[in-house]
Amino acid sequence: MNNLKERIPLSGTFELTGRCNLSCKMCLVRVNGSRIRELGCRERTADEWIHMAEQAVEAGTLGLLLTGGEVTLRPDFCEIYEAVAQMGFLLTVYTNATMITDKIMDVFRKYPPHKIGVTMYGASNDTYKRLCGCEDGYDRFV
């Protein structure tokens, strides 16, 4: 334990939001904007996330996971992703893939993530409706 000062955080996780576009019955994380305000909380800004990533790079961190809630729900997701990608992290993104836009795909093509973890909740819209409260969830996922 004498070498604690020499330890480097090899990887980290940024939970960019607790918000999600789905309402999955089993989820323990999801909140909505009104609940965040009710609790007197706020989400960190893009600048705050980027500044924390700069600190992580300075500390020697190699891998970074961007997760949520649903990270692509943030209107500034591309801004955050692009900035941290340019820092050289091995990036992983966890998503339910129902909100991937052409803009997000363009950023992924420009700065390919090391890994993308995609959660699939069923093989039909009916399953998504029953489990996640989203009538077209499967179609959006595909």
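Alanine 97 is buried in this predicted model, with a relative accessible area of 12%. The residue is found in the loop between strand 3 and helix 4, and the phi of alanine 97 is near 65°, which is a positive value in a residue other than glycine. A positive phi also occurs at glycine 88, which follows helix 3 and for which the angle is near 95°.

The protein as a whole contains 6 helices and 4 strands, and from the N terminus on these elements run in the order β-α-α-β-α-β-α-β-α-α. Along its principal axes, the C-alpha trace spans about 55 × 35 × 30 Å. Of the 142 residues in the protein, 36% are buried. Among the contacts with a separation of 6 or more, 67% are accounted for by residues 24 or more positions apart.

The 4 strands of the open sheet are arranged in the order 1-2-3-4, and their pairing is parallel. Strand 1 (11–17) and strand 4 (115–118) stand at the edges, where each has a single partner strand, so that one side of each is left without a neighbour in the sheet. On average, and with direction ignored, neighbouring strands of this sheet are turned by 15° against each other. In general, the strands of a sheet pair through backbone hydrogen bonds, in either a parallel or an antiparallel manner.

Strand 2 is joined to strand 1 by 6 bridges, the two strands running parallel, and within this pair phenylalanine 14 stands opposite leucine 66 of strand 2. Strand 2 (residues 63–68) is also joined to strand 3 (residues 90–95) by 4 bridges, again with the two strands running parallel; here leucine 65 has threonine 92 of strand 3 as its bridge partner. Helix 3 packs on the sheet, where it touches strand 1, strand 2 and strand 3, and the direction of helix 3 makes about 155° with that of strand 3.

The burial of strand 2 extends to 6 of its 6 residues. Both faces of strand 2 are covered, with Gly63, Leu65 and Thr67 buried on one side and Leu64, Leu66 and Gly68 buried on the other.

Helix 3 is likewise mostly covered, 7 of its 10 residues being buried, namely Phe77, Cys78, Ile80, Tyr81, Ala83, Val84 and Ala85. The elements that cover these buried residues of helix 3 include strand 1, helix 2 (46–59), strand 2, strand 3 and helix 4.

With regard to the packing between helices, helix 3 (residues 77–86) and helix 4 (residues 102–110) pack at an angle of about 0°, and their axes lie 10 Å apart. Because of this angle, helix 3 is roughly parallel to helix 4, the cut-off for that description being under 35 degrees. The contact is made by Phe77, Cys78, Tyr81 and Glu82 on the side of helix 3, and by Lys103, Ile104, Val107, Phe108 and Lys110 on the side of helix 4. When these residues are sorted by class, the contact of helix 3 with helix 4 comprises 6 nonpolar and 3 charged residues, with no polar residues. Of the residues that helix 3 contributes to this contact, Phe77, Cys78 and Tyr81 are also listed among the buried residues of helix 3.

Arginine 74 is buried, with a relative accessible area of 5%. A polar atom of the side chain of arginine 74 lies 3.0 Å from the backbone oxygen of arginine 44. When residues up to four places away in sequence are not counted, arginine 74 touches Leu16, Thr17, Arg19, Glu43, Arg44, Thr45, Ala46, Trp49 and Ile80.

Conventions: Residues numbered from 1 in each chain as written. Predicted model: local features only at pLDDT ≥ 70, side-chain atom pairs only at ≥ 80, totals over all residues. Heavy atoms only, no water. Axes fitted to C-alpha atoms, helices over the stretch in contact; angles between N-to-C directions. Parallel < 35°, antiparallel > 145°, perpendicular 65-115°, else oblique. Contact = heavy atoms within 4.5 Å. Nonpolar A, V, L, I, M, F, W, Y, C, P; charged D, E, K, R; others polar. Pairing = 2+ DSSP bridges. Buried < 20%, exposed > 50% of the residue type's maximum accessible area, 1.4 Å probe, protein only. Polar contact = N/O pair within 3.5 Å; in protein donor to acceptor, adjacent residues only side chain to side chain.
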